[in-house]
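Subject: Structure handover

Hello,

Here is the structure I said I would pass on. Please look through it first, then read the notes below it.

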Amino acid sequence: MPGDRVKKTRPRPRVLVVGFAGHQGTEYLPIVRESADVVGGVDPAPAASPLADAWGFPHYDTLGQALENVDFDAAVVTVPHSEHFPVCTQLLAHGRHVIKEKPFAVTEREARHLIHLAQRADRSVFTLLQRNFDPVFRFARENLARIGTPYWFSYDYHFNLAHPSTGWRASRERARGGVLLDMGYHLIDVLSGLFPEPEPPRVHSAFVHQYQEMRDRRLEDLVSLMCSYPSTGLAGSLRVSRHNYEKVEHLCVLGTEGALNVAPGVAVLHSVGGLPLERRTWDGPKTDVVRSMIAHYLGHLDDRYYRQGHLQSQLTTVRTIDGIYRDRSRERNKLADRCA
Ligand SMILES: NC(=O)c1ccc[n+]([C@@H]2O[C@H](COP(=O)([O-])OP(=O)(O)OC[C@H]3O[C@@H](n4cnc5c(N)ncnc54)[C@H](O)[C@@H]3O)[C@@H](O)[C@H]2O)c1
């Protein structure tokens, strides 16, 4: 009728879940279904077929089979690190959007190639990083300017796993890096969000191994980084490990006019000297953060402007991590030359 306003509702996106039978996949599946129609799932694991039956969607062993048999708008990808690049390039080559677990890519070269493919296909590649949707970290980003010019940060993130890494994380070929790539990706991403610099920081790194087999496979159990940003004078240190005596995450930023402290569930803004000025707490369930993150990316699949910023920020994170691994590899080669 003339004058009537019909509210257009966007159709729910059709989603393929890739790697849905694993740890992250099973965590995301019920949440993805809240905002999208899951039209199929790919996972070669024996548990995948009964799981797909239980959830009521068709199961495929390979992505190729799914691409031949089911139509979908986007794929949610939660696979081991070695599979990210082949899976994402195949999806982009078939014109599908990608919402994926970290890392965006393992090497700068792979990251640039993915960006090129995404741009050519006019499709999004979004990387799922919960801290970007956590209210406490949002408070930190929004209030950072209140501490003046940041000049130092210290960031710790540790698990207290009582056994060596298992599964694909214990295989160099499948993990493609140790704790720096796996857990450290989150932290490097938080830091590049807080301190957007045109170039990655200069980094001195120490790679440490608790288990001999991890040393043999060059998969670090602990990493300690000293970072500096020559353009601003900001410096900081970062430690990440899997086998600490307690599970902990703590970020502290010192600025010329105050300090910012962030830990799970609470961020506190301090004056110089330590007086607490403002506190933001959040004790909601992790699923609320995951829900808002997934709904956000599903709602931005066709947002070209938004996708550009996301791709550039992920490129920065990948460049930093890849640069650290390449420096280590250069040092190892030099040492080998000297010993030869
Ligand atoms: N954000 C977080 O806090 C967090 C936590 C854990 C894992 N992760 C990330 O999630 C991803 C998966 O980790 P996970 O712990 O769930 O691993 P997982 O081993 O539990 O699950 C991976 C699944 O992928 C399947 N798979 C392997 N190759 C495949 C392929 N080519 N196509 C389709 N499926 C394939 C496996 O069968 C398995 O079911 C990794 O990128 C990891 O870094 C993120």
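The notes below cover the fold, the surface and the cysteines.

This is a predicted model, in which local features need pLDDT of at least 70 and side-chain atom pairs count only at pLDDT 80 or more, while totals for chains, interfaces and linings use all residues. Residues are numbered from 1 along each chain as its sequence is written, and side-chain values use heavy atoms, leaving out hydrogens and water.

The chain has twelve helices and 14 strands, counted as DSSP runs (helices: H or I, at least four residues; strands: E, at least two) and numbered from the N terminus. Its radius of gyration is 21 Å, close to the 20 Å from the globule rule for 340 residues, so the chain is as compact as a globular protein of that length. That radius is taken over C-alpha atoms, and the rule is 2.2 Å times the number of residues to the power 0.38. Along its principal axes, the C-alpha trace spans about 65 × 65 × 40 Å.

Of the 340 residues, 49% are buried, where buried means under 20% relative accessible area, exposed over 50%, and partly exposed in between (1.4 Å probe, protein chains only).

The structure holds zero disulfides, a disulfide being a pair of cysteine sulfur atoms within 2.5 Å. For Cys-227, the nearest cysteine sulfur is that of Cys-252, 15 Å away. Cys-227 is buried, at 4% relative accessible area. Cys-252 also counts as buried, with 17% relative accessibility.

Regards
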